[in-house]
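Please open the structure in the viewer and keep the selection tool at hand. The stops below proceed from strand pairing to one helix and then to the core.

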Amino acid sequence: MKAVVTVIGKDQKGIIAKVSNILYENDVNILDISQTIMQDMFTMIMLVDFESETVTLKQVVDKLEEAEKEIGLSIHVQREEIFTSMHRI
């Protein structure tokens, strides 16, 4: 299953490392990534693939929510097909 992960927050060291480590530890592969800094705001969007059946979307979302609180970010995860349907013109 593929999903879209968006991360937004005040720029600080370690954001990419924190989020990508959580994904790595849960056997989620990053297929594509785009990130930018707009003034002092960090934005990132990733297309990820849940390669393993051993972890659920909910388990990864829970881990990302912990990171969200820990470093003051807004992190959202959405299945690719839902994201695509919502953003179709």
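Two strands are taken as paired if DSSP finds at least two bridges between them. The model to which this criterion is applied here is a predicted one.

Select residues 28–38 and 41–50, which are strands β2 and β3. The two run antiparallel and are joined by 10 bridges. At Val28, the bridge partner in β3 is Phe50. Next, centre the view on the turn: two residues lie between the strands of this hairpin, and Gln39 in the turn has a positive phi of about 55 degrees.

**The whole chain.** Zoom out and colour by secondary structure. The protein chain has three helices and four strands, in the order β-α-β-β-α-β-α along the sequence. Of its 89 residues, 31% count as buried. Among contacts with a separation of 6 or more, 66% are between residues 24 or more positions apart. The chain exposes about 5,900 Å², of which carbon and sulfur atoms supply 52%.

**Helix α2.** Select residues 57–71, helix α2. Its end C-alpha atoms are 21 Å apart, which agrees with the 21 Å that its 15 residues should span at 1.5 Å a residue. Now display the side chains of Leu57, Val60, Leu64, Ala67, Glu68 and Ile71, which are buried. Viewed down the axis of α2, the buried residues fall within an arc of 105 degrees, so they line one face of the helix. An α-helix has 3.6 residues a turn, so residues three or four places apart point the same way. On the face turned away from the buried side, select the exposed residues Lys58, Lys69 and Glu70. The cover over the buried residues of α2 includes α1, β2, β3 and β4. Just after the helix, Gly72 takes a positive phi of about 70 degrees.

**Leu64.** Is Leu64 buried or exposed? Its relative accessibility is 2%, and Leu64 therefore counts as buried, the cut-off being under 20%. Leaving aside residues up to four places away in sequence, Leu64 touches Val19, Ile22, Ile75 and Val77. Lys18 is 46 residues from Leu64 in sequence, yet the C-alpha to C-alpha distance is 9.1 Å.

**The core.** Which residues have the most contacts inside the largest nonpolar core? Select Val7, Val19, Val48 and Phe50, which hold that place in a core of 21 residues. The elements that give two or more residues to this core are β1 (2–10), α1 (15–25), β3, α2 and β4 (73–79). Finish at Phe50: beyond residues up to four places away in sequence, Phe50 touches Met1, Ala3, Val28, Val55, Thr56, Leu57 and Val60.

Technical notes:
Residues are numbered from 1 along each chain as its sequence is written. This is a predicted model: local features need pLDDT of at least 70, side-chain atom pairs count only at pLDDT 80 or more; totals for chains, interfaces and linings use all residues. Side-chain values use heavy atoms; hydrogens and water are left out. Buried means under 20% relative accessible area, exposed over 50%, partly exposed in between (1.4 Å probe, protein chains only). Contact means heavy atoms within 4.5 Å. A nonpolar core is a set of buried Ala, Val, Leu, Ile, Met, Phe, Trp, Tyr and Cys residues joined through side-chain atoms within 4.5 Å. Accessible areas come from the Shrake-Rupley method with a 1.4 Å probe; for residues, only the protein chains shown count as cover. The expected span of a helix is 1.5 Å times one less than its number of residues. The arc is that of the directions from the helix axis to the C-beta atoms.
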